[in-house]
Amino acid sequence: MQRSFPYQDIVNRFVLVAVFLVYISLSSMYLFLPPMLAVLFFAYYQALSRHDLLALIFAAALLLIFEAEKGFWFGSTLLFFALLIRYLIPKIEQVVQCRLCRAAIFVALAYPGYWLFVWIADSVLLMSVPAADWHMVLYMVVEFLILAALI
């Protein structure tokens, strides 16, 4: 006889949030660990494209935790990713059919795109821009490999 646990999906997502909290804290201490911005972007995109409210809430919460831990502006990743998913990603999906190419585009939009978005907003709002250094290239390579396996 098989038993089902009615809240298994919610419990699994809370476990993922707890694991992410530990990981994001470790990535702040050890610079060789990527902050998983592109993976969070992909999770946010998947939640919006599947119309999964619970996944969207968890992805948004993880993005807000990411912003708080890294010292970014509150809600800036949510705004940037929502704009990308609404206006740019549908055009990219029409043109690009290659899985690896999509993974590379997601990574390129997540890291340099977000930094460019913040830099442009900085010129309008006169706020500080997050620092970009050589670690961003390492993060992009690692997250490209992760997204290539997920897509």
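**Group meeting: a predicted helical model**

The protein in this predicted model has an average pLDDT of 83, and 91% of its residues score at least 70; pLDDT is the predictor's confidence in each residue, from 0 to 100. Local features need pLDDT of at least 70 and side-chain atom pairs count only at pLDDT 80 or more, while totals for chains, interfaces and linings use all residues. Residues are numbered from 1 along each chain as its sequence is written, and side-chain values use heavy atoms, with hydrogens and water left out.

Helices here are DSSP runs (H or I, at least four residues), numbered from the N terminus.

I turn now to the contact of H5 with H6. Helix H5 (residues 99-110) and helix H6 (residues 112-125) pack at about 25 degrees, with axes 3 Å apart; axes are lines fitted to C-alpha atoms over the stretch in contact, and angles run from 0 to 180 degrees between N-to-C directions. The two helices, H5 and H6, are therefore roughly parallel to each other, a term for angles under 35 degrees. Val107, Ala108, Leu109 and Ala110 in H5 meet Pro112, Gly113 and Tyr114 in H6, where contact means heavy atoms within 4.5 Å. By class, this contact has six nonpolar, one polar and no charged residues; Ala, Val, Leu, Ile, Met, Phe, Trp, Tyr, Cys and Pro count as nonpolar, Asp, Glu, Lys and Arg as charged, and the others, Gly among them, as polar.

Methods: Angles under 35 degrees count as roughly parallel, over 145 as roughly antiparallel, 65 to 115 as roughly perpendicular and the rest as oblique.
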